[in-house]
Amino acid sequence: MADTSDTRTPAQIEADIRRRREVLAETLDEIGMRVHPKTIVGDARAKVAANIDHTVGRAYVQVNRVVSEVRAQFVDEDGAARLERVVPVALLAVGVVGLLALGARRRKG
């Protein structure tokens, strides 16, 4: 059987109770702050902002990678334009813009 005798004095017991009440009061205050609507909303906003920052960062890295790959297709290691690739793309772009202009002109007329 367990020994149930308590060798503390009544003053020690009261001091222990007082300390325990203080700890419980602090814990209840902390719980009250955590469940307060403003705290919950602030935490939710912080999580959303962190997720957006993370997503934007990943998108930035991906766009940088794509731009670097495209640039590598049109520029050589020395930084000079690869005319054998630039000229056909430029002609294609001019052709598409011309077709769009003709299509817009036909709708007006």
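**Salt bridges and surface in a predicted model**

The count comes to 4 salt bridges, in a model that is predicted.

Colleague: Why is the contact of Arg19 with Asp16 called a salt bridge?

Modeller: The closest N and O atoms of Arg19 and Asp16 are 2.1 Å apart. The cut-off is within 4 Å, for a side-chain nitrogen of Lys or Arg and a carboxyl oxygen of Asp or Glu. The pair meets that rule, so it is a salt bridge.

Colleague: Where do Arg19 and Asp16 lie?

Modeller: Both are in helix H1, residues 10-34. They are 3 residues apart, about one turn of the helix.

Colleague: What makes Arg19 partly exposed?

Modeller: Its relative accessibility is 47%. Buried means under 20% and exposed means over 50%. Arg19 falls in between, so it counts as partly exposed. Asp16, at 27%, is also in between and therefore partly exposed.

Colleague: Which residues are linked with Arg19 in a network of salt bridges?

Modeller: Arg8 and Asp16 are linked with Arg19 in that network.

Colleague: How do you know that Glu30 and Arg34 form a salt bridge?

Modeller: Their side chains meet at 2.5 Å, N to O.

Colleague: Why is Arg34 called exposed, but Glu30 partly exposed?

Modeller: Arg34 has 55% relative accessibility. That is over 50%, so Arg34 counts as exposed. Glu30 has 42%, which lies between 20% and 50%, so Glu30 is partly exposed.

Colleague: What makes the contact of Glu77 and Arg82 a salt bridge?

Modeller: The N to O value is 3.9 Å. The limit is within 4 Å, so this pair counts. Glu77 is exposed, because its relative accessible area of 74% is over 50%.

Colleague: Which residues form the nonpolar patch on the surface?

Modeller: Leu28, Ile31, Val35 and Ile40 form the patch. Together they have about 390 Å² of accessible area.

Colleague: Why is Val35 called exposed?

Modeller: Val35 has 54% relative accessibility. The cut-off is over 50%, so Val35 is exposed. Val35 sits in the loop between H1 and helix H2 (37-74).

Colleague: Is Val87 exposed or partly exposed, and why?

Modeller: Val87 has a relative accessible area of 42%. That is between 20% and 50%, so Val87 is partly exposed. Val87 lies in helix H3, residues 83-108. From Val75, Val87 is 12 residues away in sequence and 12 Å away in space, C-alpha to C-alpha.

Definitions and conventions: Residues are numbered from 1 along each chain as its sequence is written. This is a predicted model: local features need pLDDT of at least 70, side-chain atom pairs count only at pLDDT 80 or more; totals for chains, interfaces and linings use all residues. Side-chain values use heavy atoms; hydrogens and water are left out. Helices (H or I, at least four residues) and strands (E, at least two) are DSSP runs, numbered from the N terminus. Buried means under 20% relative accessible area, exposed over 50%, partly exposed in between (1.4 Å probe, protein chains only). Patches are made of residues with over 30% relative accessible area and no salt bridge: like charges are joined within 9 Å, nonpolar side chains (Val, Leu, Ile, Met, Phe, Trp, Tyr) within 5 Å. Accessible areas come from the Shrake-Rupley method with a 1.4 Å probe; for residues, only the protein chains shown count as cover.
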